[in-house]
Amino acid sequence: MTADGSSRSPTARTRYRRFGLAAGGRRLPRVLHPVAWWIWALALGVAASRTTNPLLLLLILAVLCLVVAVRRGDAPWARGYRFYLVMALTVIVIRVVFRIVFESGVTPGDHILFSLPRIPTPSWYAGIQIGGPVSLEAVLSAALDGARLACLLCCIGAANTLANPKRALRVLPGALYELGVAVTVALSVAPQLVESTQRVRRARRLRGGDRRRLHALRAVAIPVLHDALERSLLLAAAMDSRGYGRTGTATRASRRLTAVLLLAGMAGLCVGAYGLLDAGMPGALSASGFAAGSAACVAGLALGGRRVSRTHYRPDPWRWPEWVVTACGLVSAVGLCVTVGYNPAVLNPSLYPLHWPSLPLIPAVAILAAALAALVAPPPPAPVPADRSVPEPQPVLRDLAGAPR
Amino acid sequence: MIHFDRAGITYDGSDSPVLRNLSFLIEEGELCLVIGHTGSGKSTLLGAVNGLVPHFTGGTLTGRVVVDGRDTAQYKPRELADVVGVVGQDPLAGFVTDTVEEELAYTMEQLAIAPAAMRARLEETLDLLGIADLRNRALRTLSGGQQQRVAIGAALTAHPRILVLDEPTSALDPTSAEDVLAAITRLVHDLGVTVVLAEHRLERVIPYADRVIYLAGDGTVAEGAPADILVRAEVRPPVVELGKLAGWEPLPLSVRDARRAASALREQLPGAPPLPCRPALTDPAGAPVMTASGIVVRYGPLVAVRAVSLTLRGGECTALMGRNGSGKSSLLWALQGTGSRVSGTVSVGTAATDPARLSPARARRLVGLVPQTPADLVYLDTVEAELAQADREVSSGPPAEPARDILDRIAPGVPADAHPRDLSAGQQLALVLAIQLTAAPAAILLDEPTRGLDYQAKASLIRILDQLAARGHAVVVATHDVEFVTRACDRVVVMAEGEIVTDGPTATVLTASPTFAPQIAKILAPLPYLTESQVAAGLDRVVTS
């Protein structure tokens with residue numbers, strides 16, 4: 001899409017304008033706060049995890065695709081949604097194939113599609129049968145199960161596509177800043193490793209290349225590891241010289257208190273979570289565990305963050321679109337979690353007997369509410385124009401110069 | 001501003017100090033150049049300025065180093081980040097974030113500068129270094145010169161009063177290097193930043209320096225005005241060599257000063273140099289060792305090499321020049337046969353074999369290539385093991401000459417039990433070259449071997465290349481270093497945008513273009529002198545006649 005949508009027909013363009021979808025609309029293009037996108041996507045994920053109704057799952061997928069298509073930027077991480085879709089499809093296929101190969105019992109009324117030859121398994125492997133009759137019901141239930149998982153994957157993918165994952169880490173509270181930096185650095189190491197592996201493997205052929213596998217592995221691994229180690233030392237030195245980890249005025253006592261508060265908070269949260277899962281525990285205990293744990297964690301983070309003196313360059317603002325996008329996502333999650341006003345059974349339609357699933361109104365509306373995010377979120381900034389003043393190829397390409405095809 | 005008071009540095013596990021008893025004072029607003037051979041302790045000295053040595057590297061610091069009133073023994077590098085900005089050799093290795101803007105803001109974020117001030121400073125810095133149009137670009141997609149300017153900008157946004165740069169231009173082509181140096185001198189002149197700079201290629205920076213610190217290599221140091229130090233130092237740019245030869249006083253440091261002093265010399269010298277800039281080829285009409293025609297290399301939409309034809313003769317050393325990204329590496333890799341080649345033919349030797357059609361083991365017996373990072377080829381623990389492995393790798397049987405003998409011939413004195421990665425850049429290069437020569441290839445290609453070499457190492461590389469040419473190898477060297485080419489190569493091929501722009505004898509090509517000319521040619525133009533030995537011979541002729 002060009003900046004003003006000029007490649008589209010005039011009617012399409014005016015329609016885009018009216019909804020503020022085109023970057024040239026009245027609203028200023030900007031990046032929505034990454035946390036808003038993450039909450040929205042995770043809430044949709046919660047909604048997806050509640051249902052195996054294929055119609056609802058398709059609806060969630062449609063909402064995800066719509067929002068991603070309209071509101072993603074032009075950054076490298078924003079171009080990967082197709083990859084998540086392929087991965088989702090793979091998940092479904094694997095699930096179905098496993099169900100077909102490992103037969104899991106057939107009830108008398110099942111519709112048998114076909115039958116695979118049964119492979120005898122040793123006695124210690126009893127309980128798992130390979131081959132046998134394959135029923136439509138089994139395949140369908142595997143596919144729906146897979147579809148739910150695929151939908152969850154797509155939700156994570158949407159969050160990654162819509163928000164810069166590294167920018168999301170920047171909102172971590174000050175006390176967890178070091179953790180965020182560690183993750184950021186780890187993320188940037190992966191492409192570097194790939195690059196130096198390619199370089200070394202290519203160089204390896206200049207020496208003729210020993211055909212023995214172990215030897216060849218060593219010849220590639222050692223220079224790559226040396227490289228990685230050297231780079232990490234350089235990076236550490238650079239970060240140190242640039243002021244990373246200027247601790248400020250934290251006293252030993254306050255550091256200890258922070259650690260104790262955080263540990264206690266975690267323990268409280270664990271008790272709370274256990275209570276939620278174990279029906280035998282009184283509800284009050286789990287609730288109080290949750291409350292005390294969260295309070296201790298917040299206090300610990302606040303205390304730990306107080307000693308960190310650091311500012312953020314151009315912090316992402318949190319304005320009404322962020323609130324609305326978050327709310328849209330939460331509505332869909334609540335709509336599918338709180339089964340009020342409809343029969344909970346429609347969320348997980350039974351396959352016995354086989355029937356066409358119905359589309360329950362309230363959950364459908366709740367999911368469609370999440371699609372509002374496409375309208376509410378501001379348009380993403382126009383893509384960065386390619387640098388025209390420098391005709392030089394990019395160094396990445398230069399590094400790969402001569403790479404064997 | 002920076003005060004070294006009887007400072008000495010000894011690394012852990014080493015008996016003798018790297019630097020001993022250093023005492024000097026660098027004033028505010030000076031551009032101080034640190035020179036010396038590889039391994040003489042330049043990086044250690046620079047690291048000591050912001051406390052990376054010894055806080056980060058380990059080791060013992062004796063005496064005192066005081067920076068802007070803060071003793072580095074008490075202040076860690078991070079606590080000096082608001083006073084000292086550091087720029088390393090490889091900017092990419094020091095980047096913490098992904099985009100130009102975030103990288104520039106990083107230090108300010110650590111120093112907790114108010115967001116409004118941060119924004120303003122960032123805009124100023126973008127303009128100061130001329131990188132405003134790059135602000136949203138990903139760091140990895142920038143060219144080397146752009147990356148280095150971003151790294152300088154990232155150090156500058158914290159408004160440090162001192163900037164420490166460790167060989168900032170060693171990986172850059174001449175034009176990018178000029179950009180970076182211009183940016184540095186602007187900082188010194190406009191902002192009064194104190195700059196401490198280490199650099200191998202003195203000819204580019206010496207005119208800008210206010211003070212030179214010369215590390216002799218034995219831990220001692222000489223410090224003073226550039227002209228005084230350079231007369232005594234072992235590392236000297238050609239302009240200083242010429243000045244000493246001609247007996248100019250005061251010693252000129254820039255081409256401009258030298259040219260003004262040289263008018264008498266130009267009249268005195270014979271119109272044609274009595275010597276060629278290099279001894280003539282043993283066999284000027286040597287048989288072609290390699291013939292390439294119509295080579296095309298492309299990566300997707302990018303055409304790296306565009307229908308290049310090239311003939312290489314035995315005994316001839318060819319320089320392959322051109323800016324970064326002009327297709328030099330791609331051409332070398334395509335000639336060797338390992339790199340991709342969309343179309344074109346390469347034929348090597350009398351049998352006219354195409355190395356790309358052979359197995360890697362057989363291709364390297366025709367054409368040997370030393371890549372840009374020679375260390376990629378070594379993976380064993382000792383030099384000895386590496387050389388033995390090289391002998392085994394010659395698949396045709398025992399090598400004509402064992403790798404150990406080759407190494408001793410081209411670079412005597414590389415210790416057998418040393419770890420290949422602990423060798424100096426020059427020794428590492430010699431080791432990899434020896435490994436590649438074990439296969440006795442007819443043609444030897446070297447991709448930017450001069451990167452990070454000091455004057456001494458370059459001189460020994462020239463000796464090595466002469467030896468190879470004398471034995472009938474066809475040698476190609478991709479390089480940016482004009483002074484090196486003048487002394488090492490018989491022929492120069494200049495590439496731009498994947499095409500060959502110029503191809504001819506060194507003397508003709510280098511004197512024809514003002515940007516590619518070596519310093520002595522610039523000083524003595526229109527006389528076609530390229531080296532100080534030519535000038536010396538010319539002066540001898542004047543004296544004897």
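## Asking how we know

Reader: Which helix of chain B is Pro54(B) found in?
Author: Pro54(B) is in helix H2 of chain B, residues 52-55. Helices here are DSSP runs of H or I with at least four residues, strands are E runs of at least two, and both are numbered from the N terminus. This is a predicted model, in which local features need pLDDT of at least 70, side-chain atom pairs count only at pLDDT 80 or more, and totals for chains, interfaces and linings use all residues. Residues are numbered from 1 along each chain as its sequence is written, while chains are lettered from A and ligands numbered from 1 in the order in which they are written.

Reader: What makes the phi of Ala112(B) worth a look?
Author: Its value is positive, about 60 degrees, and Ala112(B) is not a glycine. Most residues other than glycine have a negative phi. You will find Ala112(B) in the loop between helix H4 (100-110) and helix H5 (115-128) of chain B.

Reader: Why is Ala112(B) called partly exposed?
Author: We count the other C-beta atoms, placed from the backbone, within 10 Å of a residue's own: 20 or more is buried, 12 or fewer is exposed, and in between is partly exposed. Ala112(B) has 14, so it is partly exposed.

Reader: And why does Glu167(B) count as buried?
Author: Glu167(B) has 20 C-beta neighbours inside 10 Å, so it counts as buried. Its phi is positive too, near 45 degrees, and it lies in the loop between strand E7 (162-166) and helix H7 (174-191) of chain B.

Reader: How many contacts does the model have for residues 1-24 of chain A, beyond four places in sequence?
Author: There are 28. Two residues are in contact if their C-beta atoms, placed from the backbone, lie within 7 Å. Residues 386-405 of chain A have 44 such contacts.

Notes
pLDDT = per-residue confidence, 0-100.
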